[in-house]
Amino acid sequence: MDYENEVEAKPGEEKDDDILLAARKHYTLCQDADGTNRTDALDDLRFLQGGENQWDQRAVAARKRDGRPIITVNDLPSFLHQITNDQRQNRPSIKVSPVDDGADIETAKTRQGMIRHIEYDSNADIAYDRSVNSAAAIGFGYWRLVTEYETATSFNQKIMFKSIRNALSVKLDPLSTEPDGSDSQFAFIECLMSRDDFKREYPKAKAGDSTLAGTSDYAGWLSDSTVLVCEYYCIKKTVEDVVLLSNGEDGFKKDLVSMPEGVEVIQTRKGERRQVMWYKITGVDILERAEIKCKWIPVFPVYGDEIDIEGKVARSGIIRNAKGPCTAYNVMISSATEEVALRTKAPYIGAEGFMEGHEDEWAQANSRAFPALEYKATAVDGKLTPPPQR
């Protein structure tokens, strides 16, 4: 991935070890806060897949051992599509509106046109659809904004919407409370690589050393066979002087290259400068880094149902509360099928020898639906015996 203004660490800036230490702490915080949500979400996805995932595994083993039927009636995808299809018919769109006397209506229209072009060029509908589908199913989904070079040889970059297919690969600041994640201070997007693939792509990285896999500091990051590579977003804050000039302009004092002639500072206050930093990291390496030119971390959540119990947030979609009824229905349908299969069938009764010449058809009469069965009529005391009957 390419980002504008890729930067290298400079003397006096935050050291790599400090960045990695903060990243590992943030990652652990996400795991501790959202571990239950992620475990439940993974179980929801397996249940949505259907089959034996909708059964208790002990019941499955017992039924298989006894040769009993295991029937799954999975209606959950249909219910999920009722939500997502409605969203596809009423997709959200970004609208730019002038909000004060100094706003320019034409400029607002121009910016909205640019945004629509970015959405069209990026297939933003896919990003919206996937995030809503995930939120409806398991309670959370994500999409993000990135920048890419226009062509392989260009130096111009363009903004792109990107979908995130696996919502479980994202870890967002658990202290964030805004529904759009605008108050998030950090975020992770994970990619688990095999150790061979990692060494091939990053031959000089420290994480390629398999001896580090056994240390507790890097638990979850390094194993004997895999390396966890994360895109790590974080916000750096510094307090600086903000100035108001006599010509009405304002801004950070450090950004003033020179004071315009006849202009003076009429007011000063302390302000917070925000920098959004992006790193590609392992537990022990910073593989790439860049500064993102925006105010917020460009990873946007879409949430389903939320319940906040004393600060502990539980997120869920439609699957969570449907598990019990679905499991019960599967058991009832399987039991009904089993009962019908075991039901005895009344035998045919007829005069001796009535099957003569048609033995095969009558032998299969209880298992095949013949359109007609023939029998050999027999005379007893000069009278024909009646047809066979159950």
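Colleague: Is cysteine 294 buried, partly exposed or exposed?

Modeller: Cysteine 294 is partly exposed, as its relative accessible area is 31%. The classes are as follows: buried means under 20% relative accessible area, exposed means over 50%, and partly exposed lies in between (1.4 Å probe, protein chains only). Before we go on, please note that this is a predicted model, in which local features need pLDDT of at least 70 and side-chain atom pairs count only at pLDDT 80 or more, while totals for chains, interfaces and linings use all residues. Residues are numbered from 1 along each chain as its sequence is written, and side-chain values use heavy atoms, with hydrogens and water left out.

Colleague: How many disulfides does the structure hold?

Modeller: A disulfide is a pair of cysteine sulfur atoms within 2.5 Å. The structure holds zero disulfides. Cysteine 191, for instance, is in no disulfide, and the nearest cysteine sulfur, that of cysteine 230, lies 8.9 Å away. Cysteine 191 is partly exposed, with a relative accessible area of 40%. For cysteine 294, also in no disulfide, the nearest cysteine sulfur belongs to cysteine 234, 12 Å away.

Colleague: How should I read a nonpolar core, and which residues have the most contacts inside the largest one?

Modeller: In soluble globular proteins, nonpolar side chains tend to be buried together. A nonpolar core is a set of buried Ala, Val, Leu, Ile, Met, Phe, Trp, Tyr and Cys residues joined through side-chain atoms within 4.5 Å. Here the largest nonpolar core has 28 residues, and those with the most contacts inside it are Leu76, Phe140, Tyr142, Tyr233, Ile297 and Val299. A second, separate core of 27 residues includes Tyr27, Tyr202, Ala213 and Ile286.

Colleague: Which residues are in contact with valine 299, leaving aside its neighbours within four places in sequence?

Modeller: Contact means heavy atoms within 4.5 Å. With those neighbours left aside, valine 299 is in contact with Tyr142, Trp143, Arg144, Val170, Ile189 and Tyr233.

Colleague: Which residues make a nonpolar surface patch?

Modeller: Patches are made of residues with over 30% relative accessible area and no salt bridge; like charges are joined within 9 Å, and nonpolar side chains (Val, Leu, Ile, Met, Phe, Trp, Tyr) within 5 Å. Accessible areas come from the Shrake-Rupley method with a 1.4 Å probe, and for residues only the protein chains shown count as cover. Leu256, Met259 and Val265 make a nonpolar surface patch of about 210 Å². Valine 265 is partly exposed, its relative accessible area being 36%, and its place is in strand S7 (residues 265-281). Helices (H or I, at least four residues) and strands (E, at least two) are DSSP runs, numbered from the N terminus.

Colleague: How many salt bridges does a search of the whole structure find?

Modeller: Side chains of opposite charge can pair when their charged atoms come close. A salt bridge is a side-chain nitrogen of Lys or Arg within 4 Å of a carboxyl oxygen of Asp or Glu. A search of the whole structure finds 25 salt bridges. In one of them, arginine 88 meets aspartate 129 at 3.6 Å, N to O. This pair links distant parts of the chain, 41 residues apart: arginine 88 is in helix H3 (residues 76-89) and aspartate 129 in helix H5 (residues 124-138). Arginine 88 is partly exposed at 35% relative accessible area, whereas aspartate 129 counts as buried at 10%.

Colleague: Where do lysine 171 and glutamate 190 lie?

Modeller: Their side chains meet in a salt bridge of 2.5 Å, N to O. Lysine 171 lies in strand S3 (residues 170-172) and glutamate 190 in strand S4 (residues 186-194), so the pair ties together parts 19 residues apart in sequence. Both lysine 171 and glutamate 190 are buried. Elsewhere, Asp40, Asp43, Asp44, Arg320 and Lys323 are linked in a network of salt bridges.

Colleague: What is the phi of glutamate 310?

Modeller: Glutamate 310 has a positive phi of about 55° although it is not a glycine. Glutamate 310 is found in the loop between strand S10 (305-309) and strand S11 (312-316), and is exposed, with a relative accessible area of 83%. Asparagine 123, not a glycine either, has a positive phi of about 55° and lies in the loop between H4 and H5.
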